[in-house]
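Welcome! Take a moment to look over the sequence and the structure below, and then we can walk through some of its parts together.

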Amino acid sequence: MTSKRAAARLPALLALAALAAAPLAAPAAAPAASAAPAAPAAPAVRYALKASYPIAGDGWWDYLAYDAASNRLFIAHATHVQVVDPTTGRVTGEIGDTPGVHGVALADDLGKGYTSNGQENTVSVFDLKTLQVKTKLKTTGENPDFIAYDRGSHRVFTFNGRSSNATIIDATTDRVVGTIALDGKPEAAAVDGRGRIYVNIENKSELTAIDTASGRVVATWPLKGCDDPSALAIDAAAHRLFAGCHNRQMVVVDADNGAVVSTLPIGQGVDADAYDAAAHLAFSSQGDGTLTVVRAEGGDRYRVVQDAPTRRGARTMALNPVSHDVYLVTADFEEAPAGAAHGRPAIKPGSFRLLVMAPTAR
């Protein structure tokens, strides 16, 4: 998420942090959508805060990425990426010189990672084992924000927030090989593992599908009932996308034709979605201090099962698909003086921390 948009919205999120969650809404009808497979019955779970770990350093943060192979959490934090063991909260390393870093993409099969450095329009390529930066690449657009890796094509995609385009990087050679023109401002993206990557077009309330091999846009669909989509996750097996929207809605979309098959209420200020394929749960993290948990019940039936309290400002997250824990980060904020102009609130020094939300039996 761009810092400008975060600055504009965060004061409102802080004011809404204490509000109760919105009531559930009935799913929207599915226009000409292919049916999703039925999900097996699962025991009810509730998510609760398991741990809160202080993390050194101040400044604003953005996306998180979890590497299951090494049990490491990558946190985009101001001008560097902090690498954390989420079981202990210990910082085990960092990737420096990443001004305005937004996100991290992990190419485990190639032993490399990539960071999107929004303030200098670059991507840092680093060694996954040593965390040493191998090279920096100039993007073909301004403010590279969300970054994703497609294993099938061995390509990295940066979605450039200020230039309405995406940069394609060949991860085998670490060379920029193309640019994709988009219909508006891109936000979050999701890879399906079948040769497509999907991205929200935030200022148009659209969803765009891209062929990863050719780098061509194959479809752009309106997201009915969704304003300013800023989060995206995918259930690859069911061909369903989960888009988090700033009108406090999550829309579930058929990835084959763009049809909205369900609409569900979430909290205010969403900035990340995730999907746990084993548990058949979708997650939405909001800056108002809520984590919305949605159960996929099969046949395009989805139900909000919890709005778990987190902490205000905890708008981005990463999912551990093994333990099913959800990781978020946030900090404490200074109270604005009476009559002060709205803007980004000051962070209290030394208050940055990692939150671990864990499933518990009901």
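Two strands are said to pair if DSSP finds at least two bridges between them. The strands themselves, like helices, are DSSP runs numbered from the N terminus (E and at least two residues for strands, H or I and at least four residues for helices). This is a predicted model, in which local features need pLDDT of at least 70, side-chain atom pairs count only at pLDDT 80 or more, and totals for chains, interfaces and linings use all residues. Residues are numbered from 1 along each chain as its sequence is written, and side-chain values use heavy atoms, with hydrogens and water left out.

How confident is the predictor? The pLDDT gives its confidence in each residue, from 0 to 100. Averaged over the chain it is 91, and 86% of the residues reach 70 or more. Over residues 2-31 the pLDDT is below 50, and this stretch has 60 contacts in the model beyond near neighbours in sequence. A contact here means heavy atoms within 4.5 Å.

Now to the sheets. Strands of a sheet pair through backbone hydrogen bonds, either parallel or antiparallel.

Another open sheet has four strands in the order β6-β7-β8-β9, and its pairing is antiparallel. Here β6 (101-107) and β9 (133-138) stand at the edges with a single partner strand each, so one side of each is left without a neighbour in the sheet. The twist in this sheet averages 20° from one strand to the next.

| Strand | Partner | Bridges |
|---|---|---|
| β3 (residues 72-77) | β4 (residues 80-85) | five bridges, antiparallel |
| β7 (residues 112-117) | β8 (residues 122-127) | six bridges, antiparallel |

Leu73 stands opposite Val84 in β4, while Asn117 faces Thr122 in β8.

Finally, two single residues. Asn160 lies in strand β11 (residues 155-160). With 0% relative accessibility, Asn160 counts as buried (buried is under 20% relative accessible area, exposed over 50%, partly exposed in between, with a 1.4 Å probe and protein chains only). Leaving aside residues up to four places away in sequence, Asn160 touches several residues, among them Thr139, Glu142 and Pro186.

Arg312 sits in the loop between β25 (301-309) and β26 (317-319). Arg312 is partly exposed, at 31% relative accessible area. From C-alpha to C-alpha, Arg312 and Gly289 are 3.9 Å apart in space, although 23 residues apart in sequence.

Technical notes. Axes are lines fitted to C-alpha atoms, for helices over the stretch in contact, and angles run from 0 to 180 degrees between N-to-C directions. pLDDT is the predictor's confidence in each residue, from 0 to 100.
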